[in-house]
Amino acid sequence: MDPSKWFWLVIIAATCLIAGIFRFKSQRHIRDNPELADGYAKIFRGIVIWGNIPWIVMGLGIIVGGVPSVRNYFRPRDGNPFVLAHFVSVFLIWTLGTYWLFFRGGAEMLVKHPGLFNVDIKSPLMLKLLWILCLACGIGAVIMLFFFTDVPVL
């Protein structure tokens, strides 16, 4: 049995752990300003729900049997529908995240609720620029996977 078959489950656990750490760190801010509690709860739920969607899609692909190993996800150009569904879920989250940050006040909310990042970001504009940089790197990585890399599946 291939241990990498359970990679997606490890990432889900890590995402929940990160969200739990954020929740713990936010308690100090909530004690100082109790009116921030609802916002922190929304951010926590968002991390757990939205942060795990691609990994749940990946897990379904592996468990259902359409994808033999997590390594297949490094070969989206092979056209496996489960692998492509994973990438569609990533693109959907990137799109919704961009919309939320830029047009629904998400950047302002994250700045108002410190503790999510190891760096104290005080400017919504700086957060948006950081998002654009991360998004560009993610898009670049996806382009590499689709068009320029030939990762062996083994």
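Guide: Buried means under 20% relative accessible area, exposed over 50%, and partly exposed in between, with a 1.4 Å probe and protein chains only. This is a predicted model, where local features need pLDDT of at least 70, side-chain atom pairs count only at pLDDT 80 or more, and totals for chains, interfaces and linings use all residues. Residues are numbered from 1 along each chain as its sequence is written, and side-chain values use heavy atoms, without hydrogens and water.

Visitor: How many aromatic pairs does the structure hold?

Guide: Nine. Rings of Phe, Tyr and Trp (its six-membered ring) pair if their centres lie within 6.5 Å; planes under 30 degrees apart are stacked, over 60 edge-to-face, the rest tilted.

Visitor: Why is the pair of Phe 7 and Trp 55 edge-to-face?

Guide: Because their planes stand at 80 degrees, with ring centres 6.2 Å apart. Phe 7 is in helix 1 (residues 7-32) and Trp 55 in helix 3 (residues 53-64), 48 residues apart. Helices here are DSSP runs (H or I, at least four residues), numbered from the N terminus.

Visitor: What about Phe 87 and Phe 146?

Guide: That pair is also edge-to-face, 5.4 Å centre to centre and 75 degrees between the planes. Phe 87 is buried at 6%, while Phe 146 is partly exposed at 21%.

Visitor: Which residues are in the cluster?

Guide: Ring pairs link Phe 87, Phe 91, Trp 94, Phe 146 and Phe 147.

Methods: Helix = DSSP H or I, 4+ residues; strand = E, 2+ residues; numbered from the N terminus.
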